[in-house]
Amino acid sequence: MNAIVSVTKDWGIGLKGKLLVRNPDDMRFFKEHTMGGTVICGQTTFESFPGGALAGRRNVVLSLEPGYEAPGAEVYASLEEALAAVHDNKTDDVWVIGGASIYRQLLPHCEKAIVTKNDVVLPADTYFPNLDEDPVWRVESRADGGVTGSGIPYEFVTYARNL
Ligand SMILES: NC(=O)c1ccc[n+]([C@@H]2O[C@H](COP(=O)([O-])OP(=O)(O)OC[C@H]3O[C@@H](n4cnc5c(N)ncnc54)[C@H](OP(=O)(O)O)[C@@H]3O)[C@@H](O)[C@H]2O)c1
């Protein structure tokens with residue numbers, strides 16, 4: 001499985017349940033990668049989707065809330081159950097899409113991390129692990145993304161697992 005995330009310079013990913021950087025081009029990039037596959041997310045991230053479950057993808061949600069229902073999604077109460085549920089999928093088709101708690105728990109199971117790096121620091125309350133400081137990860141490729149509508153330069157960086 002792979003992780004896909006958008007981070008600021010200090011690896012911030014969210015504030016008060018919301019994304020930090022608004023970027024329709026990055027949304028399209030996210031959609032292109034995940035379409036047709038399986039996405040795994042936490043309850044908080046699932047509830048942040050404006051239109052509910054992500055269309056065209058199998059939505060897997062982790063929640064500890066008893067009886068929690070997420071329309072259009074499968075809900076699991078443990079990492080083990082969620083991992084078992086996606087076990088038969090092709091590795092490349094399973095995407096860890098956040099938030100912070102899910103990235104932290106599933107990163108050890110990921111082979112790649114597709115990171116949109118925004119060249120800005122913004123107030124945040126949730127963070128992705130800093131892959132540049134982790135010897136487990138190396139940069140495999142990078143591509144210039146452009147500049148967001150609010151003037152933030154960004155690039156697409158693919159990290160691959162070393163170990
Ligand atoms: N920049 C990006 O690319 C990106 C992507 C996704 C999300 N985000 C941001 O990240 C923030 C949300 O992150 P978050 O860490 O607060 O929330 P989250 O990871 O989306 O969801 C947390 C929820 O998942 C449950 N959970 C976690 N691990 C579980 C497990 N092993 N088994 C069952 N349930 C489990 C938690 O239950 P308990 O609390 O009961 O443990 C909690 O209800 C938002 O601001 C969002 O916008 C950013």
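**The ligand shell and its surroundings**

Tutor: In this predicted model, the shell around the ligand comprises eleven nonpolar, 15 polar and one charged residues.

Student: How many residues surround the ligand, and which are the closest?
Tutor: The ligand is surrounded by 27 residues. Among the elements that give two or more residues to this shell are strand 2 (12-15), helix 2 (43-48) and helix 4 (100-106). The closest residues are Gly14, Gly42, Thr45, Gly98 and Gly99.

Student: What kind of peptide bond joins glycine 98 and glycine 99?
Tutor: Most peptide bonds are trans. Glycine 99 lies in the loop between strand 7 (94-96) and helix 4. Omega for the bond between glycine 98 and glycine 99 is about 0°, and the bond is cis.

Student: Which residue is the bridge partner of glycine 14 in strand 9?
Tutor: Strand 2 and strand 9 run antiparallel and are joined by two bridges. In strand 9, glycine 14 has as its bridge partner threonine 126.

Student: Which strands stand at the edges of the open sheet of three strands?
Tutor: The order of this sheet is 3-2-9, with antiparallel pairing.

Student: Is lysine 16 buried or exposed?
Tutor: Lysine 16 is in the loop between strand 2 and strand 3, and its phi is positive, near 50°. Because lysine 16 has 8 other C-beta atoms within 10 Å, it is exposed.

How values were computed. Residues numbered from 1 in each chain as written. Predicted model: local features only at pLDDT ≥ 70, side-chain atom pairs only at ≥ 80, totals over all residues. Near = placed C-beta within 6 Å. Helix = DSSP H or I, 4+ residues; strand = E, 2+ residues; numbered from the N terminus. Nonpolar A, V, L, I, M, F, W, Y, C, P; charged D, E, K, R; others polar. Pairing = 2+ DSSP bridges. Buried ≥ 20, exposed ≤ 12 C-beta atoms within 10 Å, placed from the backbone.
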